[in-house]
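Subject: Structure for you to look at

Dear colleague,

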Amino acid sequence: MIKVAVRFHQGVKHVWYYCPGCKHLHYAPSERWHWNGSEESPTLSPSVRHFTPAHDGRPEETICHYHVRDGRIEYCGDCKHEFSGKTVEMVEPIDVPEDT
């Protein structure tokens with residue numbers, strides 16, 4: 001099963017995948033994350049972290065933080081959803097935007 005979709009945005013390759021913790025797609029531009037090239041058993045490095053930046057005196061806050069290894073998402077303990085600290089098998093991404 002394909003677990004990532006590859007799309008180009010302004011000439012840069014992006015690897016798209018579904019995050020069951022956030023319940024929507026995430027992507028990683030290949031110029032910032034190394035992808036092993038596998039669509040069935042993808043690995044990205046380093047870890048991926050989604051956050052809200054510090055503003056109005058509030059500190060930066062992690063929303064979702066994980067490693068993608070061998071077709072699984074390994075969620076770090078600082079995630080704000082129910083998969084924090086757990087590992088899940090990746091699923092096929094749907095509704096991935098077309099190249100732009």
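Cys-64 is buried, with a relative accessible area of 0%, and in this predicted model its sulfur lies 3.8 Å from the closest cysteine sulfur, that of Cys-22, which is too far for a bond. A disulfide would need the two sulfur atoms to be within 2.5 Å, and a search of the whole structure accordingly finds zero disulfides. Cys-22 is likewise in no disulfide, the nearest cysteine sulfur being that of Cys-64.

The largest nonpolar core has 17 residues, of which Tyr-17, Leu-44, Tyr-66, Ile-73 and Tyr-75 touch the most other members. The elements that give two or more residues to this core are the strands β2 (12–19), β5 (44–52), β6 (61–69) and β7 (72–75). If you select Ile-73 and leave aside residues up to four places away in sequence, you will find that Ile-73 touches Tyr-18, Pro-20, Tyr-66, His-67, Val-68, Lys-86, Thr-87, Val-88 and Met-90.

Some of these names return among the aromatic rings, where ring pairs link Tyr-17, Tyr-66, Tyr-75 and Phe-83 into a cluster. The count of aromatic pairs comes to four, and one of them is formed by Trp-16 and Tyr-27, whose rings are tilted, at 4.7 Å centre to centre and with 35° between the planes. Trp-16 lies in strand β2 and Tyr-27 in strand β3, so this pair ties together parts that are eleven residues apart in sequence. Trp-16 is buried, with a relative accessible area of 15%, whereas Tyr-27 is partly exposed at 41%.

β2 and β3 form a hairpin with four residues between them, and Lys-23 in the turn has a positive phi of about 65°.

Glu-82 lies in the loop between β7 and β8 and Lys-23 in the loop between β2 and β3 (24–29), so the pair ties together parts that are 59 residues apart in sequence. Glu-82 counts as partly exposed, at 47% relative accessibility.

Another salt bridge joins Lys-3 and Glu-89, with the closest N and O atoms 2.3 Å apart. This pair links distant parts of the chain, as Lys-3 is in the segment before β1 (5–9) and Glu-89 is in strand β8 (residues 87–89), 86 residues apart. How exposed or buried are the two partners? Lys-3 is buried, with a relative accessible area of 8%, while Glu-89 counts as partly exposed at 44%.

I would also point you to Arg-49 and Glu-60, whose side chains meet in a salt bridge of 2.7 Å, N to O. Arg-49 lies in strand β5 and Glu-60 in the loop between β5 and β6, so the pair ties together parts that are eleven residues apart in sequence. Both partners count as partly exposed, Arg-49 at 31% relative accessibility and Glu-60 at 41%.

With best wishes

Terms used
Residues numbered from 1 in each chain as written. Predicted model: local features only at pLDDT ≥ 70, side-chain atom pairs only at ≥ 80, totals over all residues. Heavy atoms only, no water. Core = buried A, V, L, I, M, F, W, Y, C linked by side-chain atoms within 4.5 Å. Buried < 20%, exposed > 50% of the residue type's maximum accessible area, 1.4 Å probe, protein only. Contact = heavy atoms within 4.5 Å. Salt bridge = Lys/Arg side-chain N within 4 Å of Asp/Glu carboxyl O. Pairing = 2+ DSSP bridges. Phe/Tyr/Trp six-rings, centres within 6.5 Å; stacked < 30°, edge-to-face > 60°.
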